[in-house]
Amino acid sequence: MKGACPLSLAAWIFLIGAGGVRAADAIAAPAKKTDEAAIERGKQALLGRSFNPPAFSLKAYDRVWKQWGTEKEAPADYERRLREHYGLHLAPYPNGKLPMGLREARGLLGKGLTTDCLACHGGSIFGKSYVGLPNSSLDYHALIEDLSRADELPVNMPFRFTTVRGTTEAGAMAVYLFSIRDADLQLRSPPLDLGLKDDMCEDAPAWWLLKKKKTMYHHGGMDARSVRSLMQFMLTPLNGKHVFEREEKTFRDIQAYLLSLEPPRYPLPIDRPLAQRGEKLFAEHCARCHGTYGDQPTYPNRIVPLEEIGTDPTRYRGLSKQFNEHYYATWFGEESLGPRGERRRATETGGYQAPPLDGIWATAPYFHNGSVPTVYHVLNSKARPTIFTRSYQTDQSAYDAVNLGWKVQVLKKGGEAQGTAFERRKVYDTTQPGRGNRGHPYGDKLTDSERFALLEYLKTL
Ligand code: HEC
Ligand code: HEC
């Protein structure tokens, strides 16, 4: 087979991209009271079913260690070693020996292996796994490349799936999947030119935040009520349009389940008087964008213009106008979202959405591109490390409880250029495209004592 093979390439892609864009304020919040039965059905579907045919053989899992180049035979504690190698986590639901993000699927030729939403949306912290906690350890590129090699499939990745470990090129995957479909969702060749970019370094948002949002994705470009946008991963070539139509109600249930998720609580002691001081500072400096918490929470759903927020603009600019137009020309864009069946068209939001901060202690690294390792560094832009790496472990010893986030090892310039591509992806170099760590100066004028009070308050969310 010559060149990129859309069949094998797209068969594994599970993805959510960012579709069109629209102004935030005109939209009603997603329904909060969702019925219990729908939540349970959604949970069963998300954690129990696969929506794509197998992309790999089951044997690929057993022999993928041969691709690591470090082992003479399969390591004794294989399951754990495999999880650590790719940055996957124990499944907190029945999944055989497989970690979250991989699952058995049935296809025309029998059983096989496929990936699912939890590869990116299932993580662990302090030794416990959570559905909806962003996976900040994952090397998705290595996972897909190695499983393909283990199956002797053509390995000719049309773009990088992970540019830097812990982030994914989810947007590029969406663009790619749409580029091989016509507006009526029939497969097409050659692919449309939708301006695919693979340097957006996207950090997935925590799923428990969705219930507060009117718009979703980092740029707030999609109505948070959209169900069809959650189905983009199913655009693998083997799924025809009827599959989307048939499964839309399943994804409505999956959305109900996502809206029911809650963040994990901070597991270490909290200094309450200090947190109260932090709460006042938060009201003064942060609440106008990030909302208020407690019994009667508020969330302003603010999208802050790029020039004002100052964080890396690559993600915002990375999804082209052609892509938005094509998305809205398909079945995905025909979705009725309002009570009167209104349809939404793309407009530019021009910025990034200030996310709710519930469970923020657990979702390091920070910003849409994961460029800042701790909350302390979010609040002190001058102290942010330029080039760094970390263990990509998620147990307590990897956690920086002083600064709230991951412990990092700061590297000198040039450190990024060494070793294999796999090793190089472990280095976060903020001087590279899409990885800038500037902007969000709102904590810069605070004193350290004020910052630590704020951190203490944030632990309570
Ligand atoms: C390859 C990694 C990956 C996979 C697989 C994946 N996602 Fe995502 N998801 C992301 C990233 C990254 C974002 C943020 C996109 C952006 O705005 O740039 C995201 C965004 C989202 C959002 C919006 C969250 C918000 O608050 O803005 C939802 C909801 C979502 N994904 C659901 C799903 C579901 C359901 C699946 C499986 C059917 C899935 N995702 C599969 C990486 C992934
Ligand atoms: C003018 C609006 C605004 C103000 C004021 C503001 N923020 Fe933000 N904040 C944002 C936006 C927008 C982002 C997302 C930026 C990005 O991802 O590129 C963000 C991101 C963050 C993040 C990272 C979230 C994540 O999941 O990655 C934290 C933590 C945060 N802000 C805390 C604070 C605190 C604490 C304050 C008060 C000192 C504050 N912010 C003030 C707009 C604001």
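This is a predicted model: local features need pLDDT of at least 70, side-chain atom pairs count only at pLDDT 80 or more; totals for chains, interfaces and linings use all residues.
Residues are numbered from 1 along each chain as its sequence is written, chains are lettered from A and ligands numbered from 1 in the order in which they are written, and side-chain values use heavy atoms, without hydrogens and water.

The protein chain is assigned domain 1 (6-262 + 317-334) and domain 2 (272-314 + 352-459). Such bounds come from an automatic or database domain assignment. The domain centres, taken over C-alpha atoms, are separated by 25 Å. Domain 1 brings 40 residues to the contact and domain 2 brings 39 residues; contact means heavy atoms within 4.5 Å. About 3300 Å² is buried between the domains, with 58% given by carbon and sulfur atoms. This area is the accessible area (1.4 Å probe) that two parts lose on being put together, summed over both. Phe-126, Arg-165 and Lys-212 supply 22% of the area that domain 1 buries against domain 2, more than any other three residues.

Polar pairing also spans the interface. Between the domains there are 18 residue pairs in polar contact, both residues at pLDDT 80 or more. A polar contact is a pair of N or O atoms within 3.5 Å; within protein, one must be able to donate a hydrogen and the other to accept it, and residues adjacent in sequence count only if both atoms are side-chain atoms. On the side of domain 1 that touches domain 2, at least two residues each come from helix H4 (78-86), strand E3 (122-125), helix H6 (140-150), strand E5 (215-216) and helix H12 (314-318). Helices (H or I, at least four residues) and strands (E, at least two) are DSSP runs, numbered from the N terminus. The count of salt bridges between the domains is 2.

The largest nonpolar core holds 79 residues. A nonpolar core is a set of buried Ala, Val, Leu, Ile, Met, Phe, Trp, Tyr and Cys residues joined through side-chain atoms within 4.5 Å. Buried means under 20% relative accessible area, exposed over 50%, partly exposed in between (1.4 Å probe, protein chains only). Leu-46, Val-131, Phe-251, Leu-258, Phe-282 and Phe-332 have the most contacts inside this core. Helix H8 (241-260) is among the elements giving two or more residues. H8 gives the most, with 8 residues. Beyond its neighbours within four places in sequence, Val-131 contacts residues including Leu-46, Trp-207 and Tyr-257. Another core, of 31 residues, lies apart and includes Ile-144, Leu-147, Ala-150 and Phe-422.

The whole structure contains 25 salt bridges, each a side-chain nitrogen of Lys or Arg within 4 Å of a carboxyl oxygen of Asp or Glu. Arg-425 and Asp-139 pair at 2.9 Å, N to O. In helix H6, Glu-145 and Arg-149 are 4 residues apart, about one turn of the helix. Their closest N and O atoms are 3.8 Å apart. Glu-145 is buried at 18% relative accessibility; Arg-149 is partly exposed at 40%. Helix H8 holds Glu-248 and Arg-252, also 4 residues apart, with a salt bridge at 3.6 Å, N to O. Glu-248 is buried at 13%, and Arg-252 is partly exposed at 44%.

Asp-444 and Lys-382 meet at 4.0 Å, N to O. Asp-444 is partly exposed at 21%, while Lys-382 is exposed at 72%. Shared partners join Arg-49, Arg-246 and Glu-247 into one salt-bridge network.
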